[in-house]
Number of protein chains: 2
Amino acid sequence: MKFFKVKTVEETFALIDECVPVIEKTEIRALEEALHYILAEPIIAKENVPGFDRSTVDGYAVMAEDTYGSSESMPGFLSVVGEVKMGEEATHSIGHGEAIYVPTGGMLPPGSNSVIMIEHCEEIAGLLNTYKQIAPGENIIRAGDDIKEGEVLLQKGAKLRPQELGAIAALGISHVTVYRRIKVAYLSSGDEIVPFQTERLEIGQIRDINHLTIIGLAQEWGHDVEYGGIVKDNVEVFLQKARELYENADCLILSGGSSVGAKDYTTDVIESLGKPGVFVHGISVKPGKPTILAIADGKPVIGLPGHPASAMIIFRLFGQRILQKLKGERLEKKPDRIYARITKNIPSSPGRSDYIRVKLVDREGEWWAEPIIGKSGLITTLVKSDGIVEIMSEKEGIAQGEYVPVILT
Amino acid sequence: MKFFKVKTVEETFALIDECVPVIEKTEIRALEEALHYILAEPIIAKENVPGFDRSTVDGYAVMAEDTYGSSESMPGFLSVVGEVKMGEEATHSIGHGEAIYVPTGGMLPPGSNSVIMIEHCEEIAGLLNTYKQIAPGENIIRAGDDIKEGEVLLQKGAKLRPQELGAIAALGISHVTVYRRIKVAYLSSGDEIVPFQTERLEIGQIRDINHLTIIGLAQEWGHDVEYGGIVKDNVEVFLQKARELYENADCLILSGGSSVGAKDYTTDVIESLGKPGVFVHGISVKPGKPTILAIADGKPVIGLPGHPASAMIIFRLFGQRILQKLKGERLEKKPDRIYARITKNIPSSPGRSDYIRVKLVDREGEWWAEPIIGKSGLITTLVKSDGIVEIMSEKEGIAQGEYVPVILT
């Protein structure tokens, strides 16, 4: 067996970014079927959005200068010379002293440079009383103000949230090239682990909780999941099942058996799956130290600790990053950590990153993080918590009232 | 037409909580198919979790008192009298001066009250040298420490996140009673609106962006969605299509046509669908004032403003709350708003809530919210933003450096 030095959290993230490949396989999807997919090609604007100057309010298109000096007590007067209908071209242009009615979204008539809202004027028998002065450009959007022709709207690697889909739709693009969905296979191991549906436990048996939590997280992140069942602590059976799942998936997740106990076959199994093999064996975190990360023939393999709470935290921290990298997502620093103030002092060992489950409590408009008391093996600590506080390895703990980063769970 | 006073954000939320019913229809689902569903019945623990006292580490079960005074330089000595195997009952009990090997998760032998980690002791020919003193209860979990028999683990209305599924699985419960999935129908309206797939626009036409953004949000929240297409500004056609969709869905969403413009049929259509009808017509927010909320024969109907960015913000704020209430979710104050510091002064009118799109920027470990410049009609303002800052109606603006709540988008 190779010798591995326990890695820090920072080293682990750097190794993930370095070692995990992008899936490569892409597909063309209809936009309405592309929510949360990752762009495999940039989106370049082939036209202006909007395509014409338009009003953002219901009102009258005018030359702004004609309203200067207008007020409630001293209204200005303009002649209403027409109306632009929604969805129709504004052909009639206006000159000084003239106004044309335009609905919200309607096209701006040539000659006008602003729109006075109907709330700020009054039309009486073809005469418009203006009660307010407006500035050039007020209440209008110019052609290309939203998206300019030729502009790179979205980069390769962008995740398609609803707003990205909307912006692509605005360009009349109906199909996009995206990385295809990732398939994750999951396998539990351990002589003591039994299916969670087991009605009555024999002494010493434990139901397979990680089956639900780990697969649930992977589904939450939008991946397809294959559940491989539970294998006993028998290296041949374990390896055979792992290989079968691995052949058919983009990433293999193994749970249990990664502690330094006598029956630790997980490392051997992972090393047998392919090269280059394990790149992280042990992370300096609490909980979750006995974590194994590997690449076997281009596919990531994740060996999670057996404790349900540890497994979830590790998978949320490192598994999510691995899967994001694998599916081609551009890894930007995003606010997945919010800041809250800790309600009590928490000691921590320097050189190790600690993850403390917390409940978030609103105190006078500010979030405070209240640590959940309970050993790391307890699944209910995660049920009671809203997030986990990260105490980075260089810190010797945190003091009451200090701002701390919280990862929402 | 009824007369409506514009509501504040707070009044609108209070009215939603008061007026929107819970869907009532429930179903029994297998736990592995229940992610993100809402519990329609509480979960009561029918057994202890764990069911037996167990070790949280690889080590030796001992009586803690026997280790008192042990140190690296002055080890204590105990006789190893056996080993508990994983998944097996610990039958052999220990007395003073004795130790039994227990793996992580293994059952604690009767008589022992703690486990000394293998890192802190050494077994040499049946003799255990202990290099550290431990306290009673150290490195063990007692039966029922996680979940106690008879305890209400989860209340009706709880959302089943992965950790809730895990905790239910720990109890050997394989099926849960949940509210059934909600079906949302969506209809766009407006003479100027054309399918987003339209290759080349006529002058004055606008592609149906809300189709993608609103349906995308509803899907993100886990709802089934039916897209009803686009209807022209014709009250009979609009009403017929709206009624058809409404009959077949739990909630109807209409986009466009809710401004005070000449062709505003949306209110009439909504009022025709059923009683009691409209309960909010206009909300004192920017953007998104022309919003209509109604209940027709027990089903919520939402009339969104037409501007894409306004529609998204309104749907994110009020639509999400309506759908949460409808699907039976317990509405707790949860950290969907994070706090960040604003990078510049923002003026605001008292009496109106403003929602400012912002990009979140990490400055020395703290999130700062940087306002995105651009008119509310621009979809790209949402693409560039990470969230929206809420300036509540009682405020006259916010000052640079002030902490502000940000809703992540």
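## A tour of chains A and B

Start at Pro287(A), which sits in the loop between β19 and β20 (292-296) of chain A. Strands here are DSSP runs of E with at least two residues, helices are runs of H or I with at least four, and both are numbered from the N terminus.

A word on what is on screen. This is a predicted model, in which local features need pLDDT of at least 70 and side-chain atom pairs count only at pLDDT 80 or more, while totals for chains, interfaces and linings use all residues. Residues are numbered from 1 along each chain as its sequence is written, and chains are lettered from A and ligands numbered from 1 in the order in which they are written.

Select Lys275(A) and Pro276(A). The peptide bond between them is cis, with omega near -5 degrees. Pro276(A) belongs to strand β18 (residues 276-281) of chain A. Now go to Glu24(A). Its phi is positive, about 75 degrees, although Glu24(A) is not a glycine. Find it in the loop between α1 (9-19) and β1 (26-30) of chain A.

**Colour the domains.** Chain A has domain 1 (9-24 + 181-326), domain 2 (26-46 + 152-179), domain 3 (54-141) and domain 4 (337-408). The bounds come from an automatic or database domain assignment. Pick domains 1 and 4 of chain A: their centres, taken over C-alpha atoms, are 25 Å apart. The contact takes 13 residues from domain 1 of chain A and 14 residues from domain 4 of chain A. Contact means that C-beta atoms, placed from the backbone, lie within 7 Å. On the domain 1 side, β19 (285-286) and α6 (308-326) of chain A each give two or more residues. The largest share, six residues, comes from α6(A).

**Stay on α6(A).** The axes of α3(A) and α6(A) are 10 Å apart, at an angle of about 15 degrees. That makes α3(A) roughly parallel to α6(A). Axes are lines fitted to C-alpha atoms, for helices over the stretch in contact, and angles run from 0 to 180 degrees between N-to-C directions. Under 35 degrees counts as roughly parallel, over 145 as roughly antiparallel, 65 to 115 as roughly perpendicular, and the rest as oblique. Show the side chains: Ile209(A), Asn210(A), Thr213(A), Ile214(A) and Leu217(A) of α3(A) meet Pro308(A), Ala311(A), Met312(A), Phe315(A) and Arg316(A) of α6(A).

**Bring in chain B.** Here 75 residues of chain A are in contact with 76 residues of chain B. Helix α2 (residues 162-170) of chain A gives the largest share of chain A's side, eight residues. Which helix of chain B does α2(A) cross at roughly 160 degrees? Select helix α3 (residues 209-220) of chain B: the two axes come within 8 Å. So α2(A) is roughly antiparallel to α3(B). Among the residues in this contact are Leu165(A) and Gly166(A) of α2(A), with Leu212(B) and Gly216(B) of α3(B).

**Finish on the axis.** Chain A can be laid on chain B by a turn of 180 degrees and a shift of 0.0 Å along the axis, with an RMSD of 0.1 Å. The two copies are thus related as by a two-fold rotation axis. Last, select Ile338(A): in chain A, its C-alpha is the nearest to the axis, at 3.0 Å.

Technical notes. Two residues are in contact if their C-beta atoms, placed from the backbone, lie within 7 Å. Copies are superposed by least squares on the C-alpha atoms of residues with pLDDT of at least 70 in both.
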